[in-house]
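The following note sets out points on the fold, the helices and their packing. Please read it alongside the sequence and the coordinates.

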Amino acid sequence: RWIGIFSVVLGLKGGHRLAAVSTINLSQISEFALVICSLGINFGHIGEETLTIIIWTFAILAILSSYMIGYNYKIYGFQCRLMRKVLRRSPKSTGDTADDHEDGGDHVDRNIVLLGFHKIAAMLIAHFE
């Protein structure tokens, strides 16, 4: 999953930072994986050891992903520094780590899009106008 998300974002020219942060945010596996795995066991396609691995992975990522989302820019900064040491590249350049993005945003102005329009959304828009 990590390779899939990272490569799709890079393929869409999203940049390394966006690709890594979105991969961290989407690292949790779903319950659907457990269903597919149990069907695979019933049809004899996979062994029960695979289901055990999926269950443990699901449990660990269910707990860790909420913390990983909160610290995604710090995790990205650590990964970036680690890869620079491993690949023996020059020290960090501007925009590479979380140090450059403490507030978590790049833009002062951001547009807000409301999907759906009901009573609460109408009251919210009326309040801001």
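1. Definitions and basis. Helices (H or I, at least four residues) and strands (E, at least two) are DSSP runs, numbered from the N terminus. This is a predicted model, in which local features need pLDDT of at least 70 and side-chain atom pairs count only at pLDDT 80 or more, whereas totals for chains, interfaces and linings use all residues. Residues are numbered from 1 along each chain as its sequence is written, and side-chain values use heavy atoms, with hydrogens and water left out.

2. Overall organisation. The protein chain has six helices and zero strands, giving the pattern α-α-α-α-α-α along the sequence. Of its 129 residues, 22% count as buried; buried means under 20% relative accessible area, exposed over 50%, and partly exposed in between (1.4 Å probe, protein chains only). Contact means heavy atoms within 4.5 Å. Among contacts between residues at least 6 apart in sequence, 43% join residues at least 24 apart.

3. Lysine 13 lies in the loop between α1 (2–11) and α2. Its phi is near 60°, a positive value in a residue other than glycine. Lysine 13 counts as exposed because its relative accessibility is 76%.

4. Burial of α2. Helix α2 is largely enclosed by the rest of the structure, since seven of its 10 residues are buried. These are Arg17, Ala19, Ala20, Val21, Ser22, Thr23 and Ile24.

5. Packing of α2 on α5. Two packed helices are described by the angle between their axes and the distance between the axes. Here, axes are lines fitted to C-alpha atoms, for helices over the stretch in contact, and angles run from 0 to 180 degrees between N-to-C directions. The axes of α2 and α5 come within 9 Å and cross at roughly 125°. The arrangement of α2 against α5 is therefore oblique; angles under 35 degrees count as roughly parallel, over 145 as roughly antiparallel, 65 to 115 as roughly perpendicular and the rest as oblique. The crossing of α2 and α5 is right-handed: a crossing is left-handed if the near helix is turned anticlockwise from the far one by less than a right angle, and right-handed if clockwise. On the α2 side the contact is made by His16, Arg17, Ala20, Val21, Ile24 and Asn25, and on the α5 side by Asn72, Tyr73, Ile75, Tyr76 and Gln79.

6. Helix α3 and what follows. The 12 residues of α3 should span 16 Å at 1.5 Å a residue, and the separation of 17 Å between its end C-alpha atoms agrees with this. The expected span of a helix is 1.5 Å times one less than its number of residues. Glycine 44 follows α3 and has a positive phi, near 80°.

7. Packing of α3 on α4. How do α3 and α4 pack, and at what angle? Their axes are 9 Å apart, at an angle of about 170°, so α3 is roughly antiparallel to α4. From α3, Glu31, Ala33, Leu34, Cys37, Ser38 and Ile41 meet Glu48, Thr50, Leu51, Ile54, Ile55 and Phe58 of α4. Leucine 34 of α3 is partly exposed, with a relative accessible area of 22%. Not counting residues up to four places away in sequence, leucine 34 touches Leu51, Ile54, Ile55 and Phe58. The C-alpha atoms of leucine 34 and isoleucine 54 are 6.8 Å apart, although the two residues are 20 apart in sequence.

8. The 23 residues of helix α4 (residues 48–70) should span 33 Å at 1.5 Å a residue, in agreement with the 34 Å between its end C-alpha atoms. Phe58, Leu61, Ser65 and Met68 are buried in α4, and their cover includes α2 (16–25), α3 (31–42) and α5 (72–87). Serine 65, in helix α4, counts as buried because its relative accessibility is 5%. Beyond residues up to four places away in sequence, serine 65 touches Ser27 and Gln28.

9. Tyrosine 71 is in the loop between α4 and α5 and counts as partly exposed, at 48% relative accessibility.
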